[in-house]
Amino acid sequence: MARNDHLLSVGNEALTPMTSAMASLSTQIDQLTEVADARSSARLATLKTRMENFTASVTLVGQVKAGKSSIVNILAGRPALLPSDVNPWTSVVTTLNINTRTEGDKKAKFTFFEQEEWDNLMVGGGRLGELANRAGADDEMEDIRRQIGEMKAKSESRLGQHFDLILGQSHQYDYFDEELIQRYVCLGDEDDPDINPKTGRFADVTKSAELFMDIPQYPISLKLCDTPGVNDTFMVREQITLRSLRGSEVCVVVLAASQALTTMDMALMRIIAQFENRQIILFVNRIDELADPVNQVPEIRDRIQDTLKQNNIDTNTSVVFGSALWAEAALTGNPDILNEDSREALNTFYLAAGFGDQAPSLDKIWALSGLPDLLLAMNERIAEGAGNRLLDRVRHRARNIASQIRATAVAKKLSDGQGVVRDLDGVSPEEAIAKVTEEYEKKAAALTTSLRDKVLERLKSAEDNFVKRATDSLIAHLEMNGEQGTWQYAPAGLRTLQKAAYFSFARSMRKEAGALYNTAASDVEALYQKLLGNHLGEFSIEAPIVPRVPPPLGIGRTIALDLQSTWWRRWWQRRKGFEAYAADYTRLIASEANSITKDIEENQIAAVLENVRAGLSDFLREQKETLLNISASAEKGPNHAALTADATPKKSRDDILGDILKDLSNEAA
């Protein structure tokens, strides 16, 4: 770690309410466990483990050479960890697992592409080849095959006879250092004599890299994901980056101050446009390279706001300006790494910040670097997002488990015929419980099918609508200009319609699943009341929490219509006659539009609907186990051993449960 790693704790105040609430909730779970039976104790232990394993995921994306790896290195407290600003350059999605539990002494894991993934790249050209084939871009496909052939030859030359053996495998180490990391995650310039020949040996076939480290300055576990960008040569890693973002709580977009968003690649803009506003943080790096930073920063901020607005991204998105180089100087305690221009810019900011009458200090350099603001913004989003959701889920489950413990305890104190009902509306308790479970599992299946059909119908309508408008526009262009020149129709309208369909699905899901969950909880609670009657006292079973709907990142994936190249000129030149243009373009655009719908369906909608079904199924299974246990305990008669054991505490079981339930409910409120 760096000399001044204590600086990394700046910003932790945003996490204090969350970590305090987790500690309090953990204590309450321990108190519940003291009065719980074995089954409830196991459930409570699972809840406690879930809190202990809480890990917030932060993914960094951005322009090439904007400084993503430099920022990750600073956040890790190891400025030289991942290579940055040099050849070789980062080419693999790399995840830093901070304060997470690991198996044994594992410190590094590098996973290679599966054979099928590699074959898809070698034979079909990956995603880029898929797009070229769909567009009928034969010349581009030949160029892709040539580049792939060269890449394959270099990989086989580096790895020799072991090439085929490592696909689908992973390498694990009980250590990591800069040389090891570069061997797996960097593509180097083979003509550069200063590059270590081992650098990049496995980079072509490495799918992902994971490093494991402990940083005591962070009070929680973190996953920091450094991505190589979404515009790699064959678009293979666009899919990997999208997968990283799908599970991410915070997306930090790193931009170079000299470029900001003016030259930001549109693939990245399309992806971040799908995130919720509070999930995005823009970090504008390299302000130390600006000629007049104090005056230029407000101008850059205005340009960013304009660009965000043009791309339908909320202009309230957090924008932080800073310098990874200044942060490194403060973290290492070595301001000598700053060149003259960087020093001059720092002095200018120092004066503008009102520090002119104060002696230079590393703490103030750290403050001006923007890293404290970035850490604070990250922690705020973690606490209000994943942290709050976890606390809500655990409190909710703990309250239900407390109610189940109370019901089980009441049943054990009652003998058969003294309060536990053996006949529910003409059927046994077992039959009544099974009937409610089966009924709601069928309703959940019907609901998820209905929600899926409705959203797919709307997505198909969006496709058809877009294809018609695009084709009509093409025909209008041909009628006006003939077959001269070229024409292209931007797919932004398609994405707008698809996003609207997805969010309509999200609203319907929350409303309808919430209603189903509530009625299921009411019917389950009624079974407890029927079994135990007025012996329960104040008692309730709460409905499961409706699953969260993640942002539709699949809408941002690249399609052929996004690519600006010679494809369109050649595509245009190969066609003769209005009918040929219209028919071929309709086929192409329909295929591209459907590829987005398919991605949303398979990677977003399917997961949400499975969570809806699984959430209710888990709830019903847990309640069924408790209810059957209550029914079975009634047949055994009163549990005198339990009564004797319960007589020793200062407070009765009911008093303890009542206090804990009250505390859990107050904290939730």
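At what angle do the axes of helix α3 and helix α12 cross? Good morning. I shall answer that for the structure shown above, which is a predicted model.

Let us take the two helices. Helix α3 covers residues 68-75, and helix α12 covers residues 324-332. Their axes come within 10 Å and cross at roughly 25 degrees. Angles under 35 degrees count as roughly parallel, and α3 and α12 are therefore roughly parallel to each other. The crossing in which α3 passes α12 is left-handed.

Which residues make this contact? From α3 they are Ser-70, Ile-71 and Ile-74, and from α12 they are Ala-324, Ala-327, Glu-328 and Leu-331. By class, the residues of the contact of α3 with α12 divide into five nonpolar, one polar and one charged.

I now turn to the strands, and to β8 in particular. Strand β8 consists of residues 221-226. Is this strand largely enclosed or largely open? Five of its six residues are buried, so β8 is largely enclosed by the rest of the structure.

Let us also consider how β8 pairs with other strands. With strand β1, residues 55-62, β8 runs parallel, and six bridges join the two. Within this pairing, Val-58 has Leu-224 of β8 as its bridge partner.

To return to the opening question, the axes of α3 and α12 cross at roughly 25 degrees. Thank you for your attention.

Key:
Residues are numbered from 1 along each chain as its sequence is written. This is a predicted model: local features need pLDDT of at least 70, side-chain atom pairs count only at pLDDT 80 or more; totals for chains, interfaces and linings use all residues. Side-chain values use heavy atoms; hydrogens and water are left out. Buried means under 20% relative accessible area, exposed over 50%, partly exposed in between (1.4 Å probe, protein chains only). Helices (H or I, at least four residues) and strands (E, at least two) are DSSP runs, numbered from the N terminus. Two strands pair if DSSP finds at least two bridges between them. Axes are lines fitted to C-alpha atoms, for helices over the stretch in contact, and angles run from 0 to 180 degrees between N-to-C directions. Angles under 35 degrees count as roughly parallel, over 145 as roughly antiparallel, 65 to 115 as roughly perpendicular and the rest as oblique. A crossing is left-handed if the near helix is turned anticlockwise from the far one by less than a right angle, and right-handed if clockwise. Contact means heavy atoms within 4.5 Å. Ala, Val, Leu, Ile, Met, Phe, Trp, Tyr, Cys and Pro count as nonpolar, Asp, Glu, Lys and Arg as charged, and the others, Gly among them, as polar.
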